[in-house]
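Hello,

Here is the structure you are taking over. Please look it through first; notes on what was found follow below.

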Amino acid sequence: MAILGAINPMLSVGLDGDNAWRLADYVKRGGYSALRRVLEGKLPQEQVINEVKKSVLRGRGGAGFPTGLKWSFMPRSFPGDKYVVCNSDEGEPGTFKDRDILRYNPHSVIEGMVIAGYAMGAGRGYNYIHGEIWEIYERFEEALAEARAAGFLGANILGSGFNFELFAHHGYGAYICGEETALLESIEGKKGQPRFKPPFPASFGLYGKPTTINNTETFASVPYIINLGGEAYLDAGKANNGGTKLFSVSGHVNRPGNYEVPLGTPFATLLEMAGGVRHGRKLKACIPGGSSAPVVPAAAMMECTMDYDSISKAGSMLGSGAVIVMDETTCMVKALERLSFFYYEESCGQCTPCREGTSWLYKVVHRIEHGHGRPDDLDLLSSVTSNIMGRTICALGDAASMPVQSFIKHFRDEFAYHIEHRKCLVPVELQRAGSGFFKASV
Amino acid sequence: MDIEIDGKLAHVPDGGTIMDAAQQVGAYIPHFCYHKKLSIAANCRMCLVQVEKAPKPLPACATPVTNGMKVFTHSDLAVKAQKGVMEFLLINHPLDCPICDQGGECQLQDLAVGYGGGASRYQESKRVVMYKDVGPLISMQEMTRCIHCTRCVRFGQEIAGVMELGMANRNMHSEIVTFLGRSVDSELSGNMIDLCPVGALTSKPFRYSARSWELARRRSISPHDSLGTNLTLQIKNNVVMRALPRENEDVNECWISDKDRFSYEALNSPARLGKPLIRIDGALREVEWNVALDYVAHALRDIARQHGGESIAALGSPHATLEELFLLQKLTRGLGSGNVDFRPRRRDFSTDGKRLGVPWLGMKLAEISQLDAALVVGSFLRKDHPLFAQRLRQLARKWGKVSLVSVSADDPLLPLHARMAVSPADLPVALAAVVKAAAEQQGKPLPAGVESVTTCAASQAIARSLIEGEKSAIFLGNAAEQSPYAGQLHALANALAELTGASCGFIGEAANSVGGHLAQAVPTSLNAYEMFARPRKAYILLGVEPELDCHDPQMATSALRSADFVVALSAFADGAACDHADALLPIAPFSETSGSFVNTEGRIQSFSGALRPFADARPGWKVLRVLGNLLELPGFAYETSEQVRADITPLAEGFVGGLDNGLRESALSLPGKAGGLQRIADVPIHFADALVRRAPALQKTRDAAAPAARACAATLARLGLSEGATVRVKQAGGEALLALVADATVPPDCIRVAAGHALTATLGEMFGAINVERA
């Protein structure tokens, strides 16, 4: 089963199992009708972009930037090569939605990219696929071959005179290559390190040409916007938060997996769809948007609806829609240690605050977790995070700092207890009970 | 764009950065990764400043200026950001400045005084980075000190043209490495030592031999290639401890080549000649100066009396100072001889007496960056002229179309517009093809003499680039000047320049390749080749080592052996001079004498001695003056080198006059097809003059590897030889045993055998017929 549950789905409609990804199935579901509508109806580029603007589709990769606005930044009249790039380098801990879109519905991404290419006058696209999901890369290549054979890609698509070629490119698993300019560097065959901005990709992107980069889910949503119309798509969600969204629910829930719900669905509903907290335990906290989003304590989280604005009001970010659920058995120090290790490990090493700061953060949190904390460590951590945030080339420095700040802010007592007593506030037996590795004990 | 920095107004062009504006108003913004000659990386984050209306501090080096922008470089926000970055830089950096070689001249140390804390908050374990061995010049022993600014990486990519260092791995485990442990071999590599803001990359020969504050700094000029690189010599206890670049944007910018940087080691060589030597009963004996000078003066006078002045010949080094060369020719002419020259590697002197002026670059060095197209003829560009090549590289990276017509397809590490690599015997034909293509494209009459050549795609592309370029230039390199067809190449280049509107000039082989002409060290009788082809009774050698420096070393050596009397004015007591010289007079190298060099653009640069001469060595001009006095020649009453210079030119600095590459009566005629194998002789960069040959670190580089016989696969197949074999290379009765190397850059039917090396000193002319057989 592809998507474990859905409310008013779009992306996951008709995806019943592993066999519906092929072109024939996609066309049966109404696939490529949006492309036909655009190309055969000779829709002006402006109108396509307007439709996307009206839908208030916000970037599904994490930043939530309005897609239509991003497309309008592209200098359409620029002579020469322009590129459309799909960011399928899904590396954020907790996020696993793009993988399923590419696995079960790859043609929606292809169709969305061709429409995007048309709207922005780009003749070439790349889909940069995360290095660890090789079978997905292979499947996408197959889907590309199908689309080429059927004339949805290549020269003179559907007899419209519009040419668009799309290539799959797989990375090698570096988290940083999900940062759009590092991704461009990686496609160019260089070491994946973010570029300093400005200039932005819209003026100086892939191979120095105007480039627009969107997330996989963003592109996959485009055909539905064209088919439904921008306003209808917006109405499927909530004001300023158009459409439905895939949420990757993981952690201490009974049915972890991907769920498609309209933006604005209450968190409680999503939690219920995922089978509720495991073993009926109490919810302790939730990271609502992937590991870089600030953690939200249970009470505040239960008040939220799943959309950009509500989560933001709760002091966190919807991010990529990766909902990490933590129950009462979780030691927050240990959880933060693991997160900090990830960012320490994945910092690209280019700029000073992130390279040095992430390792410092990890070492201090590691020390606290292992009973060597010092009284002033918490102040040190918050001072180091504030020295990292806003001082780096890309957002990884912020991403590494926000969990540290939010964990300490909301669960300071646990950290203080750790430092003072050199052990966890949450009893070790309880932690083991909640852990998958110690199932026998409870 | 108008912008306000710390309350001061600045006006910068569109696209300028805050850093540019700050430099304009004299506001100092701390930085590490930023360097004016390198691309912007914005990775150290030290230059964060506060910009009005920006929520976050912005890097000054990378933030473009917008109109009306207000910048605060020392506001609380800015200083807090800068201090935060400094703390991060220091957490993994060893805090042991007293034992670091960079201590005292370290940017991190300097800025840590202003922005670092008194004590570290970092209590965790520090990063340790393994040392790397990257060759004899750069020490990467202490890579733990690296702060990842990537200046060295960007230098390689952008200035040296080859990415030899890169940053591998990620996060705090990032480290600067060479590709799979290779060495750093660029001829400009030493600049990375200067660029490194910390003690990570240090000079292998210099490290831990002196502290920067113990060193006296003296201005000097490089005696090597024709660029006239400005140097700072750093001296402790009357010993040159190291050479550093002295910035001169119009000459060497802020770079120097490794040859300029590390050749100072030769100044402290154990082979330095410290006392005059004269041959008594077959053996060289140390004598006092007055004895040696009397001996030399008598010998020269006697030979001039017995055999006539013309039985004496004098050969000066093109690396000698203007004053030395002037006095050498004056002395020789005083003895009644017109046999004086300073161009030992030249073969064809047909333009002597036909030149309209002193041959030179034809333009200013600084004007290279404004060219649209350039053609270099007959040059091993990078190795002959590292920094000149660097200027062309920057041009080619921007917009310039740089083409090469040469005798090998060496990689110049710059994007080429077109190239022709031909046998030395075909070089005039190849250039004539460009002339013909230019005439055809311009619809102008074909110059007489080039009708028979056929043009090709490359020659047409080259001609087109020269014609289309608003400013274009033709440069004749060392191989073109050393070629047996040098005169023809000169005439062809002039013809091409006239057809295309390009300027034409010579890159020049050595520090005084222009100056020697001004000093009149050119023959009125036998030239540098003829003086050995028709052996003389006596030879005066000034700073040259004919067995390595001459076009035909074998012929020069045998002439010196059979001469009655040879006096060598030399800084060194080793080499073949010990065999053939009857008197060795110790003269001071460039660092220990005052003098002048005139570089390829005609810029005269005078310098003083940076330190006292070694032992009993004396400045060459003084030795020649005293010899003149002893020989009772008129006009040798000089008391200072400035007085000597005043007899040559009224200028102490600036540009000399009389430069002109024009030729009287220059008929074009092309050589016939040469049969058989042809020799191609390059002069390897670290064997080109007496100093570099004796610089130990340079001699350990890959550029100083022993010469091999190189040929392309087709030639090898035709000869029935295979790579790796030892072969007997024969030329003019001499022979050498060399390893055979397959080298695709060598044109067919040619064998590349380097000159300037003891292994090949037994061979004949640099270009000409050569035989190879299995040893």
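Helices (H or I, at least four residues) and strands (E, at least two) are DSSP runs, numbered from the N terminus. This is a predicted model, in which local features need pLDDT of at least 70, side-chain atom pairs count only at pLDDT 80 or more, and totals for chains, interfaces and linings use all residues. Residues are numbered from 1 along each chain as its sequence is written, chains are lettered from A and ligands numbered from 1 in the order in which they are written, and side-chain values use heavy atoms, with hydrogens and water left out.

Arg645(B) sits in helix α22 (residues 641–648) of chain B. Arg645(B) is buried (under 20% relative accessible area; exposed is over 50%, partly exposed in between; 1.4 Å probe, protein chains only).

Elsewhere, salt bridges do occur: the count over all chains is 67. One of them joins Glu142(A) to Arg22(A), with the closest N and O atoms 3.0 Å apart. Glu142(A) lies in helix α7 (residues 134–149) of chain A and Arg22(A) in the loop between β1 (5–6) and α1 (23–28) of chain A, so this pair ties together parts 120 residues apart in sequence. Glu142(A) is partly exposed, at 39% relative accessible area, and Arg22(A) is partly exposed at 34%.

Regards

Note on methods. Lys, Arg positive; Asp, Glu negative; His and termini not counted. Salt bridge = Lys/Arg side-chain N within 4 Å of Asp/Glu carboxyl O.
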